[in-house]
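Open the structure in your viewer and keep the selection tool ready. We will go from stop to stop.

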Amino acid sequence: MELGPNEGWNVRLDELTTPQEWARVYRSLFGLPYVHVTTPGFVVLPLVDTIAALNTPEPLGALILDELVGRGIPGPVLVRDKPPRRTFLAVFDGYPSDERLELLERNSVDIGPHRSNVILPTGFGRHTHEGRWWARAPQREESLPLLSEVVAATEAVL
């Protein structure tokens, strides 16, 4: 896919080579705020302000993604192989109630702690340097779902 001149890029996504290029694409093309490169060279998305991450075991994560697709609000979803988990990126709109948090915890689902980071892959294939890949990559001009919507979808499949 070619990036047009309005994005300030003139390269193909499959030609991106440096973490800095990937960070810029995640920020400018996909609208993920605050993405930056760490000293070891990882591209990270800080969980601050309005960004949240819901982490699930892999089999449950696949069901949640199907539920979100059915609701028309899938958003970007990362997969990590070791341990096998999925991470759903969302807009933070408040923490669930204590009862809902307890249900999530019983099913090995957690909400990434505020002020932590999510490592983003520097590639769209299944095998990346970071050991993470996109089950559903971010889409141009697509909003992230609300955390409450991802929690509701999670509860629907439990």
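**Stop one: the cavity**

The lining of the largest cavity divides into 7 nonpolar residues, 2 polar and 1 charged. Nonpolar here covers Ala, Val, Leu, Ile, Met, Phe, Trp, Tyr, Cys and Pro; charged covers Asp, Glu, Lys and Arg; the others, Gly among them, are polar. This is a predicted model: local features need pLDDT of at least 70, side-chain atom pairs count only at pLDDT 80 or more, and totals for chains, interfaces and linings use all residues. Residues are numbered from 1 along each chain as its sequence is written, and side-chain values use heavy atoms, without hydrogens and water.

Select Leu47, Asp49, Ile51, Ala52, Phe92, Tyr95, Ile111, Gly112, Pro113 and His114, which line the largest cavity. A cavity is a set of points on a 1 Å grid over the protein atoms alone where a 1.4 Å probe fits but cannot get out; lining residues have an atom within 4 Å of a point.

**Stop two: the sheet**

Now show the open sheet of 3 strands, in the order S1-S2-S7 with antiparallel pairing. S1 (36-37) and S7 (117-120) stand at the edges, each with a single partner strand, so one side of each has no neighbour in the sheet. Strands are DSSP runs (E, at least two residues), numbered from the N terminus; two pair if DSSP finds at least two bridges between them. Select S2 (residues 43-46): 4 bridges join S2 to S7. Proline 46 stands opposite asparagine 117 in S7.

**Stop three: the helix**

Which residues of helix H1 (residues 19-28) are buried? Select Trp22, Ala23, Val25 and Tyr26. Buried means under 20% relative accessible area (1.4 Å probe, protein chains only).

Note on methods
On a 1 Å grid over the protein atoms alone, a cavity is a set of points where a 1.4 Å probe fits but cannot get out, and a pocket is an open set with protein on both sides within 12 Å along at least five of seven lines; lining residues have an atom within 4 Å of a point. Buried means under 20% relative accessible area, exposed over 50%, partly exposed in between (1.4 Å probe, protein chains only).
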